[in-house]
Amino acid sequence: MKKIYVFLADGFEEIEGLTVVDLLRRAQLDVVTVSIKEEKRIMGSHKIPVEADALFSQTDCSQGDMLVLPGGAVGTDNLEACQPLLELIRSYAGQGRKVAAICAAPRILAHAGLLNGRKATCYPSVMGELADAERTEDAVAVDGCFTTSRGLGTAISFSLELIAQLLGKEKAEEIAESIVYTDPAGIYS
């Protein structure tokens with residue numbers, strides 16, 4: 001079974017993180033929420049407390065199939081300040097393994113120099129921080145091992161794209177139908 005790690009930090013955008021967890025688990029993927037601090041309780045950006053499955057310091061993420069970074073301005077700042085997480089992201093990218101980020105979180109990848117020359121998207125106010133990326137306003141952008149998305153309003157499309165990448169388009173369409181989601185623009189492949 002494919003394993004996906006979703007990293008949570010105080011100030012993360014709840015919808016962006018939990019939509020990914022919910023839909024990927026509906027697709028029968030092994031999703032582990034990981035707190036980057038030394039306690040499992042994380043406070044979302046809208047003061048919704050969430051309990052992570054695991055602590056980063058006690059979790060071996062080296063054998064996963066995908067890393068996911070939810071956004072939220074403060075949450076993104078906190079994720080980016082976690083040096084061991086940045087090292088893990090660089091390791092995955094260096095091996096061509098999947099890394100996904102939504103809302104403000106793609107800026108973490110850009111600041112690390114991982115999006116240079118790659119198609120990417122993010123929250124509109126953060127777009128300037130994508131620096132040398134090929135910036136797009138698409139709801140979801142995929143380039144190589146990187147998947148980026150714009151924000152809360154694109155969280156379902158983002159999640160379905162991740163499912164399509166991991167399990168195929170049919171599975172993504174099955175999950176979309178099960179939640180009564182229509183995708184007239186054909187956002188997820």
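Student: How many helices and strands are in the chain, and what makes a run of residues one or the other?

Tutor: The chain has six helices and eleven strands. Both are DSSP runs, numbered from the N terminus: a helix is H or I over at least four residues, and a strand is E over at least two. Keep in mind that this is a predicted model, where local features need pLDDT of at least 70, side-chain atom pairs count only at pLDDT 80 or more, and totals for chains, interfaces and linings use all residues. Residues are numbered from 1 along each chain as its sequence is written, and side-chain values use heavy atoms, with hydrogens and water left out.

Student: How do you know that the chain agrees with a compact globule?

Tutor: The radius of gyration is taken over C-alpha atoms, and the globule rule is 2.2 Å times the number of residues to the power 0.38. For 189 residues a compact globule would come out near 16 Å, and the chain has 15 Å, so the two agree. Along its principal axes, the C-alpha trace spans about 40 × 35 × 35 Å.

Student: What share of the residues counts as buried, and what does that word require?

Tutor: Buried means under 20% relative accessible area, exposed means over 50%, and partly exposed is in between (1.4 Å probe, protein chains only). By that rule, 54% of the 189 residues are buried.

Student: Where does E80 sit, and what joins its side chain to H111?

Tutor: E80 is in helix α2 (residues 73-80). A polar contact of 2.7 Å joins the side chains of E80 and H111. The term asks for a pair of N or O atoms within 3.5 Å; within protein, one must be able to donate a hydrogen and the other to accept it, and residues adjacent in sequence count only if both atoms are side-chain atoms. Contact in general means heavy atoms within 4.5 Å. Leaving out residues up to four places away in sequence, E80 touches L86, R107, I108 and H111.

Student: And which residues does R41 touch?

Tutor: Not counting residues up to four places away in sequence, R41 touches D10, P49, V50 and E51. R41 itself belongs to strand β3 (residues 41-43).

Student: What makes a set of residues a nonpolar core, and how many residues has the largest?

Tutor: A nonpolar core is a set of buried Ala, Val, Leu, Ile, Met, Phe, Trp, Tyr and Cys residues joined through side-chain atoms within 4.5 Å. The largest has 36 residues, and F7, L69, L85, I89 and L109 have the most contacts inside it. Two or more residues each come from β1 (3-8), β2 (30-35), β6 (66-69), α3 (83-94), β7 (98-102) and α4 (106-111). The largest share, six residues, is from α3. L85, leaving aside neighbours within four places in sequence, is in contact with F7, I36, F56, L69 and L79. Apart from this core lies another, of 31 residues, among them V21, A27, M66 and L162.

Student: Which strands form the open sheet, and why are two of them said to stand at the edges?

Tutor: Seven strands line up as β5-β2-β1-β6-β7-β11-β10, with mixed pairing. β5 (54-55) and β10 (140-143) each have a single partner strand, so one side of each is left without a neighbour in the sheet. Two strands pair if DSSP finds at least two bridges between them. β10 and β11 (residues 146-149) clear that with four, in the antiparallel sense. β6 and β7 pair in the parallel sense over four bridges, with A100 as the bridge partner of V68. β7 and β11 are also parallel, over four bridges.

Student: What makes the phi of C103 worth a look?

Tutor: Most residues other than glycine have a negative phi. C103 is not a glycine, yet its phi is positive, about 70 degrees. C103 sits in the loop between β7 and α4, and at 10% relative accessibility it counts as buried. V180 also has a positive phi, about 60 degrees, without being a glycine. With a relative accessible area of 74%, V180 is exposed; its place is the segment after α6 (169-178).
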